[in-house]
Amino acid sequence: MSPRKSDATRRRLLDAATADFAAHGIAGARVDRIAAAAGVNKAQLYAYFGDKLGLFGAVFRLHADAVVDSVPFTADDLPGYAVRLYDAAVARPELVRLATWAKLEGVATDNLATESSAGAAKLRAIAEAQRAGQVDASIEPRDVLALLIAMALAWSPSGLAAATTPGDAATDHDRRKRALSTAVSGAFGAGAGNPPQG
């Protein structure tokens, strides 16, 4: 099989698997259904990804990488990052669904996502911004990041509020993003908690 054909087959499998995992979860996804939707046989799927969990890992990494690439992180502008993350969640609801299914089913995405190295860089950037007095130093960097992500995803399929969609009115998206920016600024601004620690 030529490299170009092989890449196309792999991409069809990833696209079919994305739809199946997002709709049915990891346990509910079916290898037969994914292979049929991709127009390949199961043997090809196993040759590319090993097993269903390996396929899920590849799907999750694909979408996590796309979000990491499209949402630059700047610790000196946490409100801006949160708004960009909101936009990414609206544009890629499948990643939020995949992460939610993984959490519900006890599959650790930390080991699957290439986000882990980017996550470490974000924590270092937050700690540096705290030392510089730009971010509230009374909250651990990992907790700042966790809360920031939770706030940005409040309207996503994983949040408890009504899930937003790309088809929502622009005024609704703008209102949510203004509220998000204000909340993040108030929660993590340097004056929000204790003064920075020397």
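**Close-up views of a predicted model**

**View 1. Confidence along the protein.** In this protein, mean confidence is highest in helix α2, at 96, and lowest in helix α6 (residues 93-104), at 83. Confidence is given as pLDDT, the predictor's value for each residue from 0 to 100; helices are DSSP runs of H or I with at least four residues, numbered from the N terminus. The protein has a mean pLDDT of 86, with 89% of its residues at 70 or more. Residues 111-115 stay under 50 and have eleven contacts beyond four places in sequence in the model, a contact being heavy atoms within 4.5 Å. Residues 194-198 are also below 50, with eight contacts beyond near neighbours in sequence.

The model is predicted: local features need pLDDT of at least 70, side-chain atom pairs count only at pLDDT 80 or more, and totals for chains, interfaces and linings use all residues. Residues are numbered from 1 along each chain as its sequence is written, and side-chain values use heavy atoms, with hydrogens and water left out.

**View 2. Packing of α2 against α3.** Helix α2 (residues 31-38) and helix α3 (residues 42-49) pack at about 100°, their axes 9 Å apart. The two helices are therefore roughly perpendicular (65 to 115 degrees). Val31, Asp32, Ile34 and Ala35 of α2 meet Lys42, Leu45 and Tyr46 of α3. The residues of this contact comprise five nonpolar, no polar and two charged.

View 3. Lys177 lies in helix α9 (residues 170-188). Its relative accessibility is 18%, so Lys177 counts as buried (under 20% relative accessible area, 1.4 Å probe, protein chains only). Leaving aside residues up to four places away in sequence, Lys177 touches Val83, Tyr86 and Asp87.

Technical notes
Axes fitted to C-alpha atoms, helices over the stretch in contact; angles between N-to-C directions. Parallel < 35°, antiparallel > 145°, perpendicular 65-115°, else oblique. Nonpolar A, V, L, I, M, F, W, Y, C, P; charged D, E, K, R; others polar. Buried < 20%, exposed > 50% of the residue type's maximum accessible area, 1.4 Å probe, protein only.
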